[in-house]
Amino acid sequence: MTDFTSATQTIPPVFTVPRHVAIIMDGNGRWAKQRYLPRVAGHKRGVEAVRETVKACGDLGIEYLTLFAFSSENWRRPQDEVSVLMQLFIRALEQEVGKLNTNNIRFKVVGDLAPFDPRIVELVKRGESLTENHRTLTLTVAANYGGRWDMMQAMQKVMAARAIAGADPAAPVTEAEFTPHLSMSYAPEPDLFIRTGGEQRISNFLLWQLAYTELYFTDALWPDFGRAELDKAVASYQQRERRFGRTSEQLRAALPESAPAANG
Ligand code: IPE
Ligand code: IPE
Ligand code: MG
């Protein structure tokens, strides 16, 4: 259960610094290609960009950082690329989780872990339980994640809970009944979505949770992302007026004269 606001049920609080930033880390392959390197070189540099971005988020006071690392559709890639990505994931889990723990960062993974190597599943479980009490920053890695998968698994859990409770399976499903079963119910909905690599699409990321998220697209390739690029994205966010269905006039009437445009 959560006490976070659903943007479609209640108007959520808006702060100058986004509380939750969700990123599609795209462009590793192109970064490598530009350098006549194999795609895997781009993925390796991508891990370094993750390290820098996590640090920068901590410094800015961002509370939740969610990174799309592997989509439910990425299995369609050549088998050798998929297995390199799995190896990189294992190595990152082995080398980085201890550091996250030292830095008071809570580590979470969302996605269907069933098809993964048991070693990955074990490392994920260990990392999550080691860091579960940290609240400075929550780093979520989305692995074998798909927004449609998330909604479908949540709906199945709604039905299973009803069956156990002996509730009417045909009764209308409410948001309040559904959202606690979404895989990121421990986090507020993202305030800022970033996609690197120049494509302007969601690629089956957090479909439900992005309903009122501010979207930011940059041509920067993921391996080149870091503090400076994050600052640009946050600066863009701070120029937005988050209306959640209301008019601009309503927002301005409710704000003190000196409040910034982002009404935080
Ligand atoms: C993102 O970079 C990493 C993953 C999807 C795992 P890409 O590998 O998609 O890089 P491009 O889009 O081919 O440049
Ligand atoms: C989205 O990137 C998924 C991740 C970054 C993990 P893709 O490169 O797979 O997206 P598409 O296929 O171009 O939409
Ligand atoms: Mg891509």
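Where does the largest share of the shell around ligand 2 come from?

Author: The largest share comes from strand 2 (residues 64-71), with four residues; helices (H or I, at least four residues) and strands (E, at least two) are DSSP runs numbered from the N terminus. The model is predicted, so local features need pLDDT of at least 70 and side-chain atom pairs count only at pLDDT 80 or more, while totals for chains, interfaces and linings use all residues. Residues are numbered from 1 along each chain as its sequence is written, chains are lettered from A and ligands numbered from 1 in the order in which they are written, and side-chain values use heavy atoms, with hydrogens and water left out.

The shell around ligand 2 consists of Ile24, Met25, Asp26, Phe68, Ala69, Phe70, Ser71, Asn74, Arg77, Arg195, Arg201 and Ser203, a residue being near a molecule if one of its heavy atoms lies within 4 Å of it. By class, this shell has five nonpolar, three polar and four charged residues; Ala, Val, Leu, Ile, Met, Phe, Trp, Tyr, Cys and Pro count as nonpolar, Asp, Glu, Lys and Arg as charged, and the others, Gly among them, as polar.

For Arg201 the distance is 2.7 Å, for Asn74 it is 2.8 Å, and for Asp26 it is 3.1 Å. On its own, ligand 2 exposes 390 Å², of which the protein buries 78%, by the Shrake-Rupley method with a 1.4 Å probe.

A pocket is an open set of points on a 1 Å grid over the protein atoms alone, where a 1.4 Å probe fits, with protein on both sides within 12 Å along at least five of seven lines; lining residues have an atom within 4 Å of a point. The largest pocket holds about 1300 Å³ of space, a volume being the space filled by probe spheres set on the points. Its lining comprises 50 residues, of which Met25, Val50, Phe68, Ala69 and Trp222 lie nearest the centre. Strand 2 supplies at least two residues of this lining, as does each of helix 1 (28-34), helix 2 (39-60), helix 3 (79-102), strand 3 (105-110) and strand 4 (137-145). The lining divides into 25 nonpolar, eleven polar and 14 charged residues.

Ligand 1 has a shell that includes Met25, Asp26, Ala69, Asn74 and Arg77. There the largest share, three residues, comes from helix 1.

Methods:
Polar contact = N/O pair within 3.5 Å; in protein donor to acceptor, adjacent residues only side chain to side chain.
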